[in-house]
Amino acid sequence: RWLDALPEHPLLASESAPLSLHAALNRHLALSAWYRLHRPDPQRAFEHADAMLRMLQANEEVYTAKPNVRDQIIFLYLDCCLELQRFDDFLGLIDKYWKPTPPNQPTADAVQHGYRLWTLEVGYALQSRNTHRIVKKLDALKKFYIDNADNIPAHSRITNLFSTIRICREAKRMDDASFWTQQMLQQPTDIRPDPHAEFIIME
């Protein structure tokens, strides 16, 4: 009941309730998550993600010291764009989300940024049926995976591997498909899909 009534909470119900920039950001973050995960409404979730992005753009200096917060805002906005198939909005920002992963002992934030970026690119390719972007990014994604595979959460690792194999097969990039298939086959059997079922789904 408490979660059902969350948008009616005094700190969330009104745009004038937050007393600081950070409180306003947290309000939009909470409501965007509520409309994405609890009572799905992709348009309302996007509206709150868009509000956060506009806050970021108007107060860039506030977020410079906390790039993980900046990344969270941009990722949420881009993910909402994909859910609504707002591909022009997605393409207008996704390149700003690309940035190099530190080469030595990358931080947890940098690894998270990398596998979220991979998730966004495969999501765009599958939903738009346009593989041109991700084909150009395959070498960068391959390097990221080789460097950081053990630090990518199992669910993200398996989902992205499966999607990337499917995309490579559809794009007739069979050498790339073979590489990603080998990576899938190396995953523990308790988390990877059955290979036979996997290829039946892809056909």
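Trainee: What share of the contacts in the protein with a separation of 6 or more comes from residues 24 or more positions apart?
Mentor: Such residues account for 61% of those contacts. Keep in mind that this is a predicted model.

Trainee: How many helices and strands are there?
Mentor: The protein has 10 helices and 0 strands. Read along the sequence, the pattern is α-α-α-α-α-α-α-α-α-α.

Trainee: And the overall dimensions, what does the C-alpha trace span?
Mentor: About 55 × 40 × 35 Å along the principal axes. The accessible surface comes to about 11,500 Å², and carbon and sulfur atoms hold 53% of it.

Trainee: What percentage of the residues is buried?
Mentor: Buried residues are 42% of the 203 in the protein.

Trainee: Let's go inside. Which residues have the most contacts within the largest nonpolar core?
Mentor: Those are Ile74, Tyr77, Leu78, Phe90, Ile94, Tyr97 and Leu120, in a core of 32 residues. The elements giving two or more residues to this core are α1 (21-38), α2 (42-58), α4 (67-83), α5 (87-97) and α6.

Trainee: Which of them gives the most?
Mentor: Helix α4 does, with 9 residues.

Trainee: What else is there in the way of cores, apart from that one?
Mentor: Another core of 23 residues lies apart from it, and its members include Tyr145, Ile158, Ala177 and Trp180.

Trainee: Back to Tyr97. What is it in contact with, leaving aside neighbours within four places in sequence?
Mentor: Tyr97 is in contact with Asp71, Ile74, Phe75, Leu78, His113, Arg116, Leu117 and Leu120. Of these partners, Ile74, Leu78 and Leu120 are also listed among the residues with the most contacts inside the largest core.

Trainee: Now α9. Which residues there are buried?
Mentor: Asp176, Ala177, Phe179, Trp180, Thr181, Gln183 and Met184 are. Ala177 and Trp180 also belong to the core of 23 residues.

Trainee: What span should α9 have, and what are its end C-alpha atoms doing?
Mentor: Helix α9 covers residues 174-185, and its 12 residues at 1.5 Å a residue should span 16 Å. The end C-alpha atoms are 16 Å apart, which agrees.

Trainee: Thr181, what's its relative accessible area?
Mentor: It is 15%, and Thr181 therefore counts as buried, the cut-off being under 20%. Thr181 is found in α9. Between Thr181 and Leu37 there are 31 Å, C-alpha to C-alpha, with the two 144 residues apart in sequence.

Trainee: How about Asp139, buried or exposed?
Mentor: Asp139 is exposed, at a relative accessible area of 58%. Asp139 sits in helix α7. Asp176 is one of the buried residues of α9.

Trainee: Changing topic to backbone angles. What is the phi of Arg129?
Mentor: Arg129 has a positive phi of about 60 degrees although it is not a glycine. Arg129 lies in the loop between α6 (108-128) and α7 (132-148), and at 52% relative accessibility it counts as exposed.

Trainee: What does Arg129 touch, beyond neighbours within four places in sequence?
Mentor: Arg129 is in contact with Tyr124, Arg166 and Glu170. Arg129 and Ile167 are 9.1 Å apart, C-alpha to C-alpha, and 38 residues apart in sequence.

Trainee: And Lys172, where does that lie?
Mentor: Lys172 is in the loop between α8 (154-170) and α9. Lys172 also has a positive phi of about 60 degrees without being a glycine. With a relative accessible area of 67%, Lys172 is exposed.

Trainee: Last one, charges. How far apart are the mean positions of the positive and negative ones?
Mentor: They are 1 Å apart, for 24 positive and 26 negative charges.

Methods: Residues are numbered from 1 along each chain as its sequence is written. This is a predicted model: local features need pLDDT of at least 70, side-chain atom pairs count only at pLDDT 80 or more; totals for chains, interfaces and linings use all residues. Side-chain values use heavy atoms; hydrogens and water are left out. Helices (H or I, at least four residues) and strands (E, at least two) are DSSP runs, numbered from the N terminus. The expected span of a helix is 1.5 Å times one less than its number of residues. Buried means under 20% relative accessible area, exposed over 50%, partly exposed in between (1.4 Å probe, protein chains only). Contact means heavy atoms within 4.5 Å. Accessible areas come from the Shrake-Rupley method with a 1.4 Å probe; for residues, only the protein chains shown count as cover. Lys and Arg count as positive and Asp and Glu as negative; His and the chain ends are not counted. The place of a charge is taken as NZ of Lys, CZ of Arg, CG of Asp or CD of Glu. A nonpolar core is a set of buried Ala, Val, Leu, Ile, Met, Phe, Trp, Tyr and Cys residues joined through side-chain atoms within 4.5 Å.
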